[in-house]
Amino acid sequence: MLLTLEGLDGSGKTTVWEALRADRPDAVFTREPTDSWYGDAVYRSIADDDADPLAELFLYTADHANHLSSTIEPALEAGELVVSDRYCDSRYAYQAATLADTRIDRPLEYVRGIHRPFTREPDVTVYLDLDAETAADRAGSTNKFERREYLARVRANYERLIESDPDRFVRVDATRPPAEVLARVESIIDDRT
Ligand SMILES: Nc1ncnc2c1ncn2[C@@H]1O[C@H](COP(=O)(O)OP(=O)(O)OP(=O)(O)O)[C@@H](O)[C@H]1O
Ligand SMILES: Cc1cn([C@H]2C[C@H](O)[C@@H](COP(=O)(O)O)O2)c(=O)[nH]c1=O
């Protein structure tokens with residue numbers, strides 16, 4: 001089973017992912033951007049305030065393609081529970097926001113369309129729901145994505161994704177204390193495995 005953790009920067013994904021990893025030694029824990037050289041290229045782009053948004057989309061997508069073939073698909077074929085901190089929905093929500101002011105029409109549909117022929121959809125996606133202001137405060141605004149106005153647009157894109165696929169997404173209130181958020185995610189996994 002493939003479970004993904006999604007949400008704005010600062011919503012608590014990594015906090016949950018690390019706690020789950022400590023509790024479930026048999027599962028496979030992975031993340032995007034990955035720690036491969038493709039992921040290194042993505043992080044170079046994140047650090048560049050002037051990066052071309054279309055080029056950046058394809059860097060993230062290359063990292064995802066390699067993540068699928070090197071980690072996700074082999075683990076799923078071996079019957080493992082796979083937990084990924086960010087996955088394709090991050091691209092749909094974030095890159096649709098960065099592409100909004102370009103010549104690309106309907107960027108969310110465009111980014112989804114690029115993935116459709118090759119990606120493997122998650123079985124369940126936990127969405128850690130947090131307002132953009134709290135998210136930017138928690139994340140510390142250390143990169144170009146962690147700004148309140150941008151995160152508000154990303155959040156609106158996540159809402160569109162949830163609306164289009166309500167059976168896959170499970171919304172968790174990320175304003176609750178960390179132990180409560182973790183307990184909720186644990187119960188979602190227990191219900192589905
Ligand atoms: N439920 C929570 N309530 C309050 N603070 C939290 C909660 N969960 C995490 N935090 C704090 O918020 C900050 C960001 O958490 P974390 O790194 O887990 O978020 P993230 O979603 O992985 O962010 P990013 O996408 O930027 O990596 C950390 O300081 C963390 O301790
Ligand atoms: C996978 C992915 C990530 N991003 C953005 C979101 C964050 O601001 C950074 C790095 O992610 P992290 O979880 O904070 O380490 O990259 C993105 O815009 N698109 C994506 O597909």
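Which residue has a polar side-chain atom 3.3 Å from an oxygen atom of ligand 2?

## Polar contacts of ligand 2

In this predicted model, that residue is Arg31, whose polar side-chain atom lies 3.3 Å from an oxygen atom of ligand 2, a polar contact being a pair of N or O atoms within 3.5 Å. An N or O atom in the side chain of Tyr43 is likewise 3.3 Å from an oxygen atom of ligand 2, and for Asp9 the corresponding distance is 2.6 Å. The protein covers 92% of the 470 Å² of accessible area that ligand 2 has on its own, as computed by the Shrake-Rupley method with a 1.4 Å probe.

## The shell around ligand 2

There are 14 residues around ligand 2, of which Asp9, Tyr60, Arg86, Arg91 and Gln95 come nearest, where a residue is near if one of its heavy atoms lies within 4 Å. By class, the shell has 6 nonpolar, 3 polar and 5 charged residues. Helix H2 (37-46) and helix H4 (88-98) each supply at least two residues of this shell, and H4 gives the largest share, 4 residues; helices are DSSP runs (H or I) of at least four residues.

## Glu133

Glu133 has its place in helix H6, residues 132-139. Glu133 counts as partly exposed because its relative accessibility is 45%, between the limits of under 20% for buried and over 50% for exposed (1.4 Å probe, protein chains only). Its C-alpha is 8.1 Å from that of Leu151, although Glu133 and Leu151 are 18 residues apart in sequence.

## Basis

Residues are numbered from 1 along each chain as its sequence is written, while chains are lettered from A and ligands numbered from 1 in the order in which they are written. Local features need pLDDT of at least 70, side-chain atom pairs count only at pLDDT 80 or more, and totals for chains, interfaces and linings use all residues, with side-chain values using heavy atoms and leaving out hydrogens and water.

How values were computed: Polar contact = N/O pair within 3.5 Å; in protein donor to acceptor, adjacent residues only side chain to side chain. Nonpolar A, V, L, I, M, F, W, Y, C, P; charged D, E, K, R; others polar.
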